[in-house]
Each structure stands twice: as C-alpha cells, then as structure tokens.
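Dear colleague,

Please find the structure below, followed by a summary of the findings.

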Amino acid sequence: MTFVSLGVRLAAATLFGLWTTAAQAHEVEVVGDGRYLVIVGFVNEPIFTGERNGLDLIIRPAGEREAIPGLEDGLYAELIAPDGETRRAFDIRPQYPHPGRYTFDVMLTEPGRYHVRVWGEIHDVSFDVTLPLDEVTPISTLRFPTE
C-alpha cells in the first residue's frame, strides 16, 4: 500500500468514524478519484454462523453524511467464502427504512473471514472493489451450557 493510498484510507476512515459509531466493523473504500465512499460490513455485528444476516452497503459522497439512494439497479455483489475460492452472487436491494443503504440476505455456515466484491455505477463513476468483512465466529461459542 502506498503512502498516498494509506492517507486516503485514513482520511476516509476518519470521515466515516464521524458519521457513525454503530458500524465500527465496516470497511471503507474511496472510489471515483475521491468523490465517493463505498462502505461495507454486516447488518448484525458481531457475526455468528447459522444466523440470518445481510450485507450492509452504504454509498455516499466523500465528506457528506447522507447516503445516495436509488443506485440498486446499477450495483452488484458477490460474497467470497473464507477459502477464497467459493463465491456466490447476490441481488442487491434497498435496506428499508434506510435510504442509500443496500443489502442482501445470507446465512453464513462457515467461520472465518469473508470478503465481498461490490461493483457497479455511482452516477457517472464505475467502480469495482473487494473488501474484507469482519470475522465470523462459530455459534457454538455462545452455547451454554455446552452440549
């Protein structure tokens, strides 16, 4: 990673941190020559296997708090399993009642670190990013008493 890209990521992370504390485990990528932030994580964090969850995708202009609604027809996503090989495409839809936030539903069956590839169009800007998601923990770690 170059010094410049590290600086851009730190600036984006700082801006994102000012925007919300509820999505601390989300990853941020700056696209479109610094015009937009693509922010990804899971809807429910921390993440456990065997529980319904979903992508939490937020796209907003850099330096602004409001996300951009109405992009779902031009957005695409695939989830990449911890083995790095297994992939599945998902249909993106708006997250009700959060304009400018997008999602797909998923139930993760394997612990580990997943990645998400998101690509498409933000107005006149094409982008294609792959970002790591927060670690998925086996649901068995919550069981008490153990079986």
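In which strand does Thr103 lie? Thr103 belongs to strand E8, residues 98-103; helices (H or I, at least four residues) and strands (E, at least two) are DSSP runs numbered from the N terminus.

This is a predicted model, in which local features need pLDDT of at least 70 and side-chain atom pairs count only at pLDDT 80 or more, while totals for chains, interfaces and linings use all residues. Residues are numbered from 1 along each chain as its sequence is written, and side-chain values use heavy atoms, with hydrogens and water left out.

Thr103 counts as buried because its relative accessibility is 5% (buried is under 20% relative accessible area, exposed over 50%, partly exposed in between; 1.4 Å probe, protein chains only). A polar atom of the Thr103 side chain lies 2.6 Å from the backbone oxygen of Leu55.

Regarding strand pairing (at least two DSSP bridges between two strands), strand E10 (residues 112-122) and strand E11 pair in the antiparallel sense over ten bridges. Trp119 has Asp128 in E11 as its bridge partner. Two residues separate E10 and E11 in a hairpin, where His123 in the turn has a positive phi of about 55°. Strand E3 (residues 47-48) pairs with E11 (residues 125-137) in the parallel sense over two bridges.

Yours sincerely

Methods: Polar contact = N/O pair within 3.5 Å; in protein donor to acceptor, adjacent residues only side chain to side chain.
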